[in-house]
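Please read it beside the sequence and the coordinates.

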Amino acid sequence: MNIKDRHDYDVVIVGTGISGAVLAATLTKAGKKVLMLEAGLNAGMYMDVNGSYTTYQGYLDTFYNAAAKVPNSPYPDLKNAQSPNVLNLSNKTPYSSPGYFVQEGPLPFASENTRIPGGTTMHWLGTTLRMLPNDFKMQTMYGRGVDWPFPYEEMNKYYEMAENEIGVSGNVEELKMPNMGENFFSPGYVFPMEKIPQSYLDHKLMEKTEGLKVNLNNKDYTITCISTPQGRNSTPNKKYRIQGVRWDSDTKELKLYDYSDPKEEYQPVASLWDPYTGERCEGNASCVPICPVQAKYNALKTLKKADISKLNIITQAVAVSVIVEDFDERNINGVVYKQYDNQHSAEYTTHVAKGKIYVLACSAIENAKLLLASKAANSSDQVGRNLMDHMVMLTWGLTPEPIYPYRGPGSTTNIPTFRDGEFRKEHAAWISPLDNWGWSWPTGAPGSDLTNAMNSGLFGKKLREEMNYIITRQFLLHFECEQIPEEGNRVTIDDRYLDRLGNYRPILHYSASDYMKKSFEAAQKVSEQIFAANNIENKTLYKPTDADYVVYKGQQYTFFGAGHLVGTHRMGTAPENSVVNSDQKCWDHDNLYLVGCGNMPTLGTSNPTLTMTALTFKAAEAILRQLENQ
Amino acid sequence: MEEKDNLPLFSKISASLTGFSEMELWGTGMMETYYNYVMGKCGESSPTKLDLEYFFEKAKEIYLGDNNDENWIDTQIQTWIFPPTSYGGLAQLIITLWYTGNWGLGFNGSPISAQAYVQGLIWNAGETHPSGAKQPGFGSWNIPPINIKK
Ligand SMILES: Cc1cc2nc3c(=O)[nH]c(=O)nc-3n(C[C@H](O)[C@H](O)[C@H](O)COP(=O)(O)OP(=O)(O)OC[C@H]3O[C@@H](n4cnc5c(N)ncnc54)[C@H](O)[C@@H]3O)c2cc1C
Ligand code: SF4
């Protein structure tokens, strides 16, 4: 029987982002039959040379033509499966239009995801830091948030799987981070590829920032700057011997395995359409929203590795709910989805997908929404709660000498100094990436610089000189502050808010606690000292028209979303306090797993996708065990 | 009047307005496209066809007279051409078009084509390349840009 006509799927996965793709590839390679449902357009799923090239060039062309080059600008804006968009943000909460999210406030939730094949990794930046050991025990260490159900040590194997799958470039030896302990990496561990070269501006800034003593709330800290591991292609590291991940059905474990032939070595995964395009990062400096050569990892690269004889993907299929026929019976009986033929029409047909095990991989907010719509998995009343993001406070200024930004990947260096410490009892921790793309994020530079220069009467050679002066000296610093889980920051649904297909739109309730506000103040104090040491003229300007800001002790602090949708179906130690267990299986159902950043009990200061991908390998292992024990 | 009659003038005035030489402007391959685009855009509403006619009339006075002194030309442009109140704001629209590929100022602008975005001179002015195009190659960001033009 053709896989397409099968109805005896082992696993039905909703969503083809990195979490869905890692599962599909791992499960099919272990011989399981998988059905995937994907809300986005069929063209986005093409894997052949011509199809993938044509679709991708279409994205690129849309990006070039876009007035505002925001993360979702290259990708189809689907009325039948809308994606949230930062262009819809306003500080006038509550509001329900425009956009996909209904923003109840008091603050708008400023991060978005993308509903296309490959999901949000199509426009992610690709930073792949691990969480720190203390991130797993926030409650025990600092009396904040919750502990994870297992310690860092249990994650190491899965981190190595995730780093292999994404293809991480980085230098293990440089990664000195607070309280990381002795066994953070396995002995002798290296990443698949050498580090991505740090930018010229990193080096200029590090001259005066590396080793800088700063004082924060009467305590001294020494600033360090380290290269950032990331999912974009660089020179393969000859010492890296891991070939991949496979299921060992004897021991019932997922295992890393090495190249057997010593002559074989790690090959960077190039673009979908050409093995010689994207083997190295070419410095297009547009990773968010689109890497023109696909040197940056995206989830379609993983999906391409799946065993397609075992995989069926139905596109333009928007999941509506999971079927819980009988509450006492712990099984899910299907996924209801609406399939549309034409993206410009609201017509659809309704279907049910069936398998032995079901997995939601739609990204945190959508996963929670689907569970709420299904009245599933929620005996703990935790579904939708604890929505988190990194609240990104930016500071920017003009350097005395040119540092030549707007080149290379978005960020190649970070300051890990404030990722962990006693201060977490008082205020949030943060990581500070140095940004390579000038002031584009907060000010719309360099376009806005042109407007300013013309407004001050400049044209001709003077205009050109001014543009040269200002563009080459723009420095931007991030403070990605770890939001702590709070019950009130949550996703809900309401019959009043439906999309064009009649599906629920997520309603978001979001705020910043004093714990966060204190971290903005602390971060400003650190920023000030770094700017002073580097003779940077501070140009930071927060405005009352900014979408997200707080006022703390009379000062306004503006923050942005980091694109990190986290925490809406937390993992925990018991059915009373959480939605999923440490295998990421719902406590309430025997055949429903959730994957994605929604499972993370706390956020840490690292971008979440590497950790989430590691967890997804853990879920894959649990699913395989369950299938083989049935 | 022939459609292309004012192209040489458009080139001259574009150079004076942008600070890029005529050769650099022609090098983008966008000269005729922009000229035609501007001709097409000036119509009923501001900037009007008439604005455009007066604009070229003034440009003729400036460039086709006896005085070639750059400072004098600059003063003329500053007085007559550059102000946003002159010729329906045409000068700043033209500068923006060359620098960013956008028609429209600031957040009101959007690229007239993908190629226009890619050829934006703002990136050259900042000694870099348009984000998402003209990739400078692996590791290039690790050292100062090598094509420093002064
Ligand atoms: C601008 C930006 C930059 C980022 N940079 C980084 C970074 O540097 N490092 C990092 O770690 N993380 C980063 N992230 C976050 C990262 O992109 C996400 O964590 C990750 O992609 C999530 O993967 P996922 O598979 O869980 O969900 P997604 O990638 O969002 O995939 C969900 C999939 O489900 C599909 N889907 C959704 N709803 C339905 C439905 N109802 N029915 C059927 N299918 C559906 C979608 O179409 C999509 O294919 C960034 C995010 C943004 C926005
Ligand atoms: S810098 Fe360019 S080539 Fe490298 S990942 Fe980003 S967009 Fe791709």
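## Backbone geometry

Pro289(A) is found in the loop that lies between β8 (253-258) and α6 (299-303) of chain A, where helices (H or I, at least four residues) and strands (E, at least two) are DSSP runs numbered from the N terminus. The peptide bond that joins Val288(A) to Pro289(A) is cis, with omega about 15°. The model is a predicted one, in which local features need pLDDT of at least 70 and side-chain atom pairs count only at pLDDT 80 or more, while totals for chains, interfaces and linings use all residues. Residues are numbered from 1 along each chain as its sequence is written, chains are lettered from A and ligands numbered from 1 in the order in which they are written, and side-chain values use heavy atoms, with hydrogens and water left out.

A cis bond also joins Ala445(A) and Pro446(A), here with omega about 0°, and Pro446(A) is placed in the loop between α8 (440-443) and α9 (447-455) of chain A.

Asn217(A), which is not a glycine, has phi near 45° and lies in the loop between β4 (213-216) and β5 (219-222) of chain A. Glu127(B), also not a glycine, has a positive phi of about 55° and belongs to the segment after α8 (121-125) of chain B. A further positive phi, near 50°, is that of Lys375(A), which follows α7(A).

## Burial of individual residues

Relative accessible area is computed with a 1.4 Å probe on the protein chains only: buried means under 20%, exposed over 50%, and partly exposed in between.

| Residue | Relative accessible area | Class |
|---|---|---|
| Met36(A) | 0% | buried |
| Glu127(B) | 5% | buried |
| Thr399(A) | 5% | buried |
| Asn217(A) | 45% | partly exposed |
| Lys239(A) | 65% | exposed |

Lys239(A) counts as exposed because its relative accessibility is 65%; the residue is placed in the loop between β6 (226-227) and β7 (242-248) of chain A. Its C-alpha atom and that of Pro192(A), 47 residues apart along the chain, are separated by 8.3 Å.

Thr399(A) is in the loop between β14 (390-398) and β15 (413-415) of chain A. Although Thr399(A) and Glu537(A) are 138 residues apart in sequence, their C-alpha atoms are 6.5 Å apart. With neighbours within four places in sequence left aside, Thr399(A) is in contact (heavy atoms within 4.5 Å) with Arg473(A), Phe475(A) and Ile536(A).

Met36(A) lies in strand β2 (residues 34-37) of chain A, and its C-alpha atom is separated by 5.8 Å from that of Val12(A), 24 residues away along the chain. Residues up to four places away in sequence not being counted, Met36(A) touches, among others, Ile13(A), Gly15(A), Ala24(A), Leu303(A) and Ile314(A).

Helix α7 (residues 364-374) of chain A is mostly covered, with 10 of its 11 residues buried. The cover over these buried residues includes β10 (317-322), β13 (355-360), β18 (490-492), β19 (507-510) and β24 (592-594) of chain A.

A nonpolar core is a set of buried Ala, Val, Leu, Ile, Met, Phe, Trp, Tyr and Cys residues joined through side-chain atoms within 4.5 Å. The largest such core has 232 residues, and those with the most contacts inside it are Ile13(A), Leu37(A) and Ile77(B). Helix α12 (residues 609-629) of chain A gives the most to this core, with 11 residues. Apart from this core lies another, of 7 residues, including Ala39(A), Leu78(A), Ala81(A) and Leu501(A).

## Surroundings of ligand 2

Around ligand 2 there are 14 residues, of which the closest are Cys281(A), Glu282(A), Asn284(A), Cys287(A) and Cys291(A); a residue is near a molecule if one of its heavy atoms lies within 4 Å of it. By class, this shell has 7 nonpolar, 4 polar and 3 charged residues.

Key. Ala, Val, Leu, Ile, Met, Phe, Trp, Tyr, Cys and Pro count as nonpolar, Asp, Glu, Lys and Arg as charged, and the others, Gly among them, as polar.
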